[in-house]
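Thanks for coming, everyone. Please look at the structure on the screen before I start.

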Amino acid sequence: MSLENKILSSQSDAGEAWMPDLRTSIAGVEFQNPVMTASGTFGSGMEYGEFVDLNRLGAVVTKGVANIPWPGNPTPRVTEVYGGMLNAIGLQNPGIDVFMERDIPFLKQYDKTKIIVNVCGKSVQDYVDVVERLGEEPAVALLEINVSCPNVKEGAIAFGQKADALYNITAELKKHARQPIMMKLSPNVTDITEMARAAEAAGADALSLINTITGMKIDIHRRRFAIANKTGGMSGPAIKPIAIRMVWQVAQAVKLPILGMGGIATAEDAIEFLLAGASAISVGAMNFVNPYATVEILEGIEAYMRQYKVEKLTDLIGAVR
Amino acid sequence: MKQKTIGKVISQRELAPAIFDLWLETELARDVKPGQFVGVFPKDKSTLLPRPISICEVNEEKTALRIVYRIAGQGTKEFSGYQAGETVQLLGVLGNGFPVEEGLGKRVFLMGGGIGVPPMVQLAKVLSSKTGECGAATVIQSIMGYRDAQNFLKGELERYGEVFVATEDGSVGTKGNVMDAIRENALKADVIFACGPMPMLRAIKNYAEEQGIPAYISLEEHMACGVGACLGCVVKTKEVDHHSHVHNARICTDGPVFEAREVEI
């Protein structure tokens with residue numbers, strides 16, 4: 001135990017209140033705490049602002065935004081599976097113009113919470129256009145590049161399943177981005193560390209993982225696919241062990257900071273991700289199950305730090321032995 | 001203000017085979033519009049998502065709400081076993097509800113098909129308690145479609161006006177669907193409120209357009225969040241929607257009730 005920790009524990013033993021330091025950072029961007037939202041599960045925060053104080057989150061990671069409006073896939077787009085769900089929304093979004101006029105000003109009201117924008121596209125140029133527009137807005141702290149959505153036919157995952165394609169788009173976006181870029185990795189690959197290394201070699205500033213795992217469900221009574229897209233991305237508590245494993249593998253393979261996610265339902269889940277090597281975590285499908293999940297997880301992390309007398313959150317990152 | 005909160009089971013009974021009638025004591029009952037719905041969470045942790053179920057009725061004290069649902073899967077099967085005194089997690093109140101004011105002082109059709117019948121009870125109650133401009137009475141005619149003679153909630157709807165029944169097997173009322181019942185009884189209305197399966201709503205949309213009258217139809221779709229964030233439950237719209245600026249309205253928040261001309265179904 002370090003001297004600082006000894007002092008700290010003697011203080012808390014004496015019953016004096018102390019606040020764990022929840023701050024964390026990704027690619028030089030500092031966050032008040034590590035609790036964020038997984039892209040696509042939280043819109044731009046408006047809907048869940050009715051349930052939680054958005055100012056308490058480390059960051060809101062927005063739904064993916066493209067250069068133009070995207071209509072998304074036919075319905076049904078969502079279905080439940082054991083311990084999780086499948087979705088194939090198809091990145092319905094209003095495009096960057098509406099996003100800059102409406103969503104960014106909304107999020108700017110919450111000055112304690114950083115804005116991370118998820119960027120999607122069908123071609124490299126689509127991504128470049130969005131990244132350049134977002135460069136005009138200093139309130140956007142970080143860009144999450146969606147190269148891993150399994151539910152759109154063109155673009156997206158096409159860039160995220162081959163190391164050379166991921167390298168090329170990362171290198172290209174690095175030339176145009178004013179903010180740090182965080183590549184969102186797909187779990188639907190043979191070796192995720194190969195993808196992580198390609199992104200790092202191309203100059204990515206951070207990585208986020210995992211996106212959803214491609215799955216399928218068949219309605220046996222109607223003998224039809226449960227979702228119109230046939231396949232969908234699986235999320236929810238059932239995928240957590242896969243996500244933890246991948247975060248740990250990637251943390252071993254590269255030096256980049258990691259935003260970890262995949263099935264986080266509780267503070268205990270979030271702490272597992274931090275210990276595996278994530279610098280921050282995102283809550284996704286569980287927002288649908290418990291709209292207060294983000295803040296409850298934040299409070300649970302704080303309680304854990306008090307219980308184990310962890311002074312700084314950063315002491316937990318990658319601390320698994 | 002939407003919230004996730006607790007409901008306490010007051011009573012439950014089976015109205016018809018696999019159709020259950022559940023009264024829940026909950027603060028959500030304070031402010032409910034006919035046609036709104038709640039998300040009901042199963043307790044089994046393998047089933048995570050809230051089940052969207054329309055509100056059938058609210059008690060006079062606004063302390064309890066009633067849902068009438070069909071067993072459609074694992075979640076609703078679990079609900080059907082709930083006993084008085086049990087607690088259940090609820091998300092609500094969700095959706096826009098029916099525009100009651102559009103029916104006041106007019107000849108109104110309430111049309112329900114199968115498990116689309118329940119929300120018509122609260123709607124009938126509210127419509128019948130109010131008058132239109134200059135005190136004009138609201139005339140309610142309910143046209144309900146069922147598979148067979150299990151005509152749940154029919155008796156309750158009769159308190160608010162005439163009820164016409166269509167059954168698929170012809171055991172009660174008109175043999176056929178609700179549109180056949182309208183034709184057979186030569187019924188006329190100024191405005192329609194409807195909830196039911198998609199083929200029925202399509203037929204009502206066409207009928208309303210032919211008649212040149214408004215029809216407010218309540219749609220159903222698989223949902224995840226229920227609050228407008230996930231974009232899972234969309235319907236194609238005639239005009240560009242205000243959220244994504246495409247042609248997809250969110251059924252959970254922009255609906256579930258739409259003027260039939262606004263949606264492409």
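This is a predicted model: local features need pLDDT of at least 70, side-chain atom pairs count only at pLDDT 80 or more; totals for chains, interfaces and linings use all residues.

Residues are numbered from 1 along each chain as its sequence is written, and chains are lettered from A in the order in which they are written.

The chains first. 33 residues of chain A are in contact with 26 residues of chain B; contact means C-beta atoms, placed from the backbone, within 7 Å. Chain A's side includes at least two residues each from β5 (78-81), β6 (84-87), α2 (95-108) and α8 (286-289). Helices here are DSSP runs of H or I, at least four residues, and strands are runs of E, at least two, numbered from the N terminus.

Now chain B. An automatic or database assignment gives domain 1 (3-93) and domain 2 (100-218). Their centres, over C-alpha atoms, are 24 Å apart. Each domain of chain B puts 14 residues into the contact. On the domain 1 side, β4(B) gives the most, with five residues.

Last, helix α5 of chain B, residues 198-211. Its 14 residues reach 20 Å from first C-alpha to last, close to the 20 Å expected at 1.5 Å a residue. That expected span is 1.5 Å times one less than the number of residues. What does the buried part of α5(B) pack against? β7 (107-113), β8 (139-146), α4 (178-184), β11 (191-195) and β12 (215-218) of chain B. Buried means 20 or more other C-beta atoms, placed from the backbone, within 10 Å of the residue's own. Among the buried residues are Met200(B), Leu201(B) and Ile204(B). After α5(B) comes Gly212(B), with a positive phi near 65 degrees.

Note on methods. Two residues are in contact if their C-beta atoms, placed from the backbone, lie within 7 Å. A residue is buried if 20 or more other C-beta atoms lie within 10 Å of its own, exposed if 12 or fewer, and partly exposed in between; C-beta atoms are placed from the backbone.
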